Amino acid sequence: MADNARAKKLADLIREVVAQKLQRGIKDPRLGSHVTITDTRVTGDLREATVFYTVYGDDQERAEAAAGLESAKGVLRSAVGAAAGVKFTPTLTFVADALPDTAKTIEDLLDKARASDAKVREVSAGATFAGEADPYKKPGEDDETDGDAAE
């Protein structure tokens, strides 16, 4: 098995080569400038690489980009093999990155929390304390009941 540093180095190289090849070398119209390579992971034995990508657009453009990446897999693997110079060129698997969808979900939840906080702030605007503003005793303050019990 290869060490983690070598796998990480190969993953970085694969990400760069695939991104450059998609930008300049592949003439497939389905893979226009709206495909972004976000991450690459390589197995410990350096045999398989998973390439994560995002697509700017709607569901139809995402499906077309996935089909375009699948058809260009051989060309991209050849480019990786030429650049890497390893004995065995890793097989490439393309996976749509869920990060943008997750980020949108988190942003929606944060907006909901902000609205809830604003509502609570609005309701509590004219509220007063149920007791004193500072309910804690301070050192040196004597309670009247303590003084009566000591006498």
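The bridge partner of Y53 in strand β3 is A96. The model is predicted: local features need pLDDT of at least 70, side-chain atom pairs count only at pLDDT 80 or more, and totals for chains, interfaces and linings use all residues. Residues are numbered from 1 along each chain as its sequence is written, and side-chain values use heavy atoms, with hydrogens and water left out.

**The sheet**

- An open sheet with mixed pairing is formed by 3 strands in the order β1-β2-β3; strands are DSSP runs (E, at least two residues), numbered from the N terminus, and two of them pair if DSSP finds at least two bridges between them.
- β1 (35-42) and β3 (91-96) each have a single partner strand and stand at the edges, so one side of each is left without a neighbour in the sheet.
- On average, neighbouring strands of this sheet are turned by 25° against each other, direction ignored.
- Over 6 bridges, β2 (residues 48-55) pairs with β3 in the parallel sense.

**T54**

- T54 lies in strand β2 and is buried, at a relative accessible area of 15% (buried means under 20%, exposed over 50%, partly exposed in between, with a 1.4 Å probe and protein chains only).
- Apart from neighbours within four places in sequence, T54 is in contact (heavy atoms within 4.5 Å) with H34, V35, T36, T38, D97 and P100.

**E70**

- E70 belongs to helix α2 (residues 59-71), where helices are DSSP runs of H or I with at least four residues.
- The relative accessible area of E70 is 46%, which is partly exposed.
- From E70 to P90 there are 20 residues in sequence and 15 Å in space, C-alpha to C-alpha.

Note on methods
Axes fitted to C-alpha atoms, helices over the stretch in contact; angles between N-to-C directions.
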